[in-house]
Amino acid sequence: MDMENFTSVTEFILLGLTTQPKTETVLFVVFLIFYLITLLGNFLIVLLSKVDPRLGTPMYFFLSNLSFLDICYTSSISPKMLVNFLVERKSISFQGCATQMFIHLALGGTECYLLMVMAYDRYVAICSPLHYTNIMNSSLCIQLAVGSWLGGILNSAIHTVLALLLPYCGPNVINHFFCEVPAVIELACTDVSTNKTVIFVCAILVVMIPFFLILITYIRILASILKIRSAAGRQKAFSTCASHLTVVTLFYGTIIFMYMRPGSSSHSEQDKMSTLFYSVVTPMLNPIIYSLRNKDVKNALTKLTMKKVTSQ
């Protein structure tokens, strides 16, 4: 086949979530609210972690990293998705699609690693409380955070490069609301079985291994909590993990469904809903979960609010 046919696609058309104009208007309002809540909630977590000395612990260092990541994560797709709700022709350039693929996948992989790091932090805090400060020192915390980001970026680079090396000669219609790797490579005019295998293998390394390590960590945490004699002590220990465990369940539940199926399995509408949940809904819920179940965050927010009121 002539090479010009392989480079004929210069843009993609996104089918989006629906083709009904009235439904798109409603979805625009709903997801605009979601996006604003996500930005506000996660920004507050980052701000409180910086201005309140009581939140200057490793746990809140990682939490602020997670909040900053969630701001970037949902921003990689939400603005474009909102615009597409209002326009008839939902197009994205080839370069824009590649950029969106890379950023979204990099941040998703980073979140997988970061949630694993946060589980380790809770393990040390509960199972080795006397050595917590020495073990989770600032140097190690920075190394773990940087390692999480680099791991996510490396994983994304592999998938994005492999996807861009494929020939795209048409059609150019993506059955999704943004450029996600599995949806994009379906348009390649060549066999993509190798790409699907790489996606599956990397999902094991980036998703399943961290997930199983988190499970093992919480099994050991639970064993340590059960050894605490007082009910109040057990409740306090468990409450420090409950928020993180809830976030892990929400995030990993949908992302495993999305990426850990055999390559032949393709359910476009289900894929859209799964991606929507872990890319848009979960980043919105994370700060709510942490603030509702965390006295330190609520006290810091109250203190900041009172300071603003008294200064006026």
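Predicted model: local features only at pLDDT ≥ 70, side-chain atom pairs only at ≥ 80, totals over all residues.

Author: Residues are numbered from 1 along each chain as its sequence is written, and side-chain values use heavy atoms, with hydrogens and water left out.

Reader: How much space lies in the largest pocket?

Author: A pocket is an open set of points on a 1 Å grid over the protein atoms alone, where a 1.4 Å probe fits, with protein on both sides within 12 Å along at least five of seven lines; lining residues have an atom within 4 Å of a point. Grid points are joined across faces, edges and corners, and the volume is the space filled by probe spheres set on the points. Here the largest pocket holds about 710 Å³. Its lining has 25 residues, and the closest to the centre are Met-59, Lys-236, Ser-239, Thr-240 and Asp-296.

Reader: Which element gives the largest share of that lining?

Author: Helices are DSSP runs (H or I, at least four residues), numbered from the N terminus. The largest share, 6 residues, comes from α10.

Reader: Which residues have the most contacts inside the largest nonpolar core?

Author: A nonpolar core is a set of buried Ala, Val, Leu, Ile, Met, Phe, Trp, Tyr and Cys residues joined through side-chain atoms within 4.5 Å. Buried means under 20% relative accessible area (1.4 Å probe, protein chains only). The largest core has 46 residues, with the most contacts at Phe-62, Leu-115, Met-118, Phe-251 and Tyr-252. Helix α5 gives the most to this core, 12 residues. A second, separate core of 20 residues includes Leu-166 and Tyr-168.

Reader: What does Met-118 touch beyond its neighbours within four places in sequence?

Author: Contact means heavy atoms within 4.5 Å. On that basis Met-118 meets Phe-62, Leu-63, Leu-66, His-244 and Tyr-290.

Reader: Which residues does the "transmembrane region" annotation cover?

Author: Such annotations may be inferred rather than shown by experiment. The unreviewed UniProt entry lists several spans, including 98–120 and 140–166. Residues 98–120 are 100% helix, with end C-alpha atoms 34 Å apart. For residues 140–166 the figures are 93% helix and 40 Å.

Reader: Is Thr-38 buried or exposed?

Author: Thr-38 lies in helix α2 and counts as buried because its relative accessibility is 0%. Leaving aside neighbours within four places in sequence, Thr-38 is in contact with Asp-70, Thr-74, Val-280, Pro-283 and Met-284.

Technical notes: Helix = DSSP H or I, 4+ residues; strand = E, 2+ residues; numbered from the N terminus. Buried < 20%, exposed > 50% of the residue type's maximum accessible area, 1.4 Å probe, protein only.
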